Amino acid sequence: MATAVFPGSFDPVTIGHMDLIKRALAIFDKLVIGVLANSAKNPFFTEEERVYMLKELTKDMPGTEVIQFNGLLVDFVKETKADAVIRGIRNSIDFEYELPLAQANYKLDYKADTIFLATLPEHSYISSSAVRELVRYKGDIKGFVPDVVYQFIVQKFDYMI
Ligand code: PNS
């Protein structure tokens with residue numbers, strides 16, 4: 001049974017992330033979604049909230065598991081006995097950023113080998129940081145985040161446009 005880890009900050013989860021989860025599940029039997037706990041000093045969502053939303057979003061997706069992690073990705077890959085790491089690539093900037101990380105992770109542990117999935121072109125401008133900026137300035141985030149996340153943002157940030 002082949003298992004992959006899909007790591008990220010998921011602050012918050014976007015529809016781009018959800019598409020990658022769906023596509024990774026078509027390749028792997030099991031997908032462990034690893035939520036990096038202390039990814040930023042002032043996260044939009046606490047780690048518990050991010051894990052909660054991901055669990056809600058994947059509850060009808062057999063083969064998924066959502067686990068929070070701290071520290072190095074290679075250690076998390078070892079703990080979960082995964083065979084590969086999944087990361088999405090939207091553009092050349094992502095590639096420049098992801099390539100040395102993937103190479104370093106492989107050097108640290110060959111089991112932490114990264115498979116890049118090309119995002120759908122219609123998702124190439126979607127990012128968690130764009131969502132955070134839009135929420136701050138009351139921009140329209142429909143089309144950026146799944147409904148579960150939209151509702152959470154409405155409640156937590158009194159967001160209404
Ligand atoms: O969603 P993000 O913020 O782009 O995800 C980045 C993430 C979590 C994949 C990356 O920061 C990570 O793997 N962090 C864990 C620490 C680590 O292993 N760093 C690499 C050292 S070579």
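User: Is Lys81 buried or exposed?
Analyst: This is a predicted model, where local features need pLDDT of at least 70, side-chain atom pairs count only at pLDDT 80 or more, and totals for chains, interfaces and linings use all residues. Residues are numbered from 1 along each chain as its sequence is written, and side-chain values use heavy atoms, leaving out hydrogens and water. The cut-offs are under 20% relative accessible area for buried, over 50% for exposed, and partly exposed in between (1.4 Å probe, protein chains only). Lys81 has 68% relative accessibility, so it counts as exposed.

User: Which loop holds Lys81, and what is its phi?
Analyst: Helices (H or I, at least four residues) and strands (E, at least two) are DSSP runs, numbered from the N terminus. On that numbering, Lys81 is in the loop between α3 (73-79) and β4 (84-89). Lys81 isn't a glycine, yet its phi is positive, near 55 degrees.

User: What is the relative accessible area of Phe10?
Analyst: Phe10 is another non-glycine residue with a positive phi, about 50 degrees. It belongs to the loop between β1 and α1. Phe10 counts as buried because its relative accessible area is 2%.

User: How much of the ligand's 560 Å² does the protein bury?
Analyst: Start with the polar contacts (pairs of N or O atoms within 3.5 Å): an oxygen atom of the ligand lies 2.6 Å from a polar side-chain atom of Ser9, and a ligand oxygen is 2.8 Å from a polar backbone atom of Leu73. A polar side-chain atom of Arg87 is 2.9 Å from an oxygen atom of the ligand. Taken alone, the ligand exposes 560 Å² (Shrake-Rupley method, 1.4 Å probe), and the share buried by the protein is 72%.

User: Where does the ligand sit?
Analyst: On a 1 Å grid over the protein atoms alone, a pocket is an open set of points with protein on both sides within 12 Å along at least five of seven lines. A molecule sits in one if more than half of its atoms lie within 2 Å of its grid points. This ligand sits in the largest pocket.

User: Is Thr119 buried or exposed?
Analyst: Thr119 is in the loop between β5 (114-118) and α5 (128-136). Its C-alpha atom is 8.6 Å from that of Asn91, 28 residues apart along the chain. Thr119 has 14% relative accessibility, so it counts as buried.

How values were computed. Polar contact = N/O pair within 3.5 Å; in protein donor to acceptor, adjacent residues only side chain to side chain. 1 Å grid on protein atoms, 1.4 Å probe; cavity = no way out; pocket = protein on both sides within 12 Å on 5 of 7 lines; lining within 4 Å.
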